[in-house]
Amino acid sequence: MSTGRADARNRERSRFETLLAESVALHGHLCAGQLIGVRMSMLGLELIGIREPKGADRKKLYVVVEIDRCATDAIQSVTGCSLGKRSLRWADLGIMAATFVNLETAEAVRITAREQARELANCYRPDILDRYQRQLAAYREMGDEALFTVQRVRLAIAETDLPGRPMRRVCCQQCGDWVQDGREERVDGRVVCRSCAHGAYYAVIDPNRESA
Ligand SMILES: [Zn+2]
Ligand SMILES: [Zn+2]
């Protein structure tokens, strides 16, 4: 009985190490964000009943990340969700949190990394002198409750934000760019892209004026 439990714990640990190694390979280095992101994803998937995020369950899974930092790469690595597949969305909120959604059951959990975990990490491994190394070691050992806050949530995801073929493509009547997925706007009766409606994030350089 207890051997069975120990086996399960060992399996879980080796699964964690495998996922961590994969995410470090994608991200380029081992950091606190990789540990947090891998653990957050494992917990999120478990809570919404997704066992094979890159296999049988891949079309059921949808993730919203609230920060574009190290942990985001780990979340992409573990879940297999990506911007290009439209299964990963970025809500630009600057919060170390992500929401994991099971599209089939509509179950969703928002998981936030607890700020207190940073301080708590110091108590876990006082034997390690370097503060950052101590944090890394602690993030492997701390319980989920110490690391994360979990909220059951409900999401209304627009059809134009879901994976699948683009629902429509329209031509901007101002600049001529083609706009997919319902991102066009109507201004003074004309259909325009968001850049033409609100201003672009870039300024076009006139090649004639540059060379002159
Ligand atoms: Zn990093
Ligand atoms: Zn335009």
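Which residues coordinate the zinc ion (ligand 2)? Select C172, C175, C193 and C196: the SG atom of each coordinates the ion, at 2.3 Å. Donors here are N, O and S atoms within 2.8 Å of the metal (3.2 Å for Na, K and Ca), with water not among the atoms, so sites may look incomplete.

This is a predicted model, in which local features need pLDDT of at least 70. Residues are numbered from 1 along each chain as its sequence is written, and ligands are numbered from 1 in the order in which they are written.

Remain at the zinc ion (ligand 2). Its four donor atoms subtend angles of 101 to 118 degrees, which makes the arrangement tetrahedral (for four donors, all angles between 85 and 135 degrees). Along the chain, the donors follow the spacing C-x2-C-x17-C-x2-C. C172 lies in the loop between β6 (169-171) and β7 (178-180), and C196 in helix α7 (residues 194-198), so the pair ties together parts that are 24 residues apart in sequence.

Next, display the surface at these two cysteines. C172 counts as buried, at 3% relative accessibility, whereas C196 is partly exposed, at 32%. Buried means under 20% relative accessible area, exposed over 50%, and partly exposed in between (1.4 Å probe, protein chains only).

Finally, select helix α2 (residues 32-47) and helix α3 (residues 70-79), whose axes come within 7 Å and cross at roughly 40 degrees. In contact (heavy atoms within 4.5 Å) are residues including G33, G37 and L45 in α2 and A71, A74 and V78 in α3.

How values were computed
This is a predicted model: local features need pLDDT of at least 70, side-chain atom pairs count only at pLDDT 80 or more; totals for chains, interfaces and linings use all residues. Side-chain values use heavy atoms; hydrogens and water are left out. Four donors count as tetrahedral if all angles lie between 85 and 135 degrees; four count as square planar and six as octahedral if opposite donors are over 155 degrees apart and all others between 65 and 115; anything else is irregular. Helices (H or I, at least four residues) and strands (E, at least two) are DSSP runs, numbered from the N terminus. Axes are lines fitted to C-alpha atoms, for helices over the stretch in contact, and angles run from 0 to 180 degrees between N-to-C directions.
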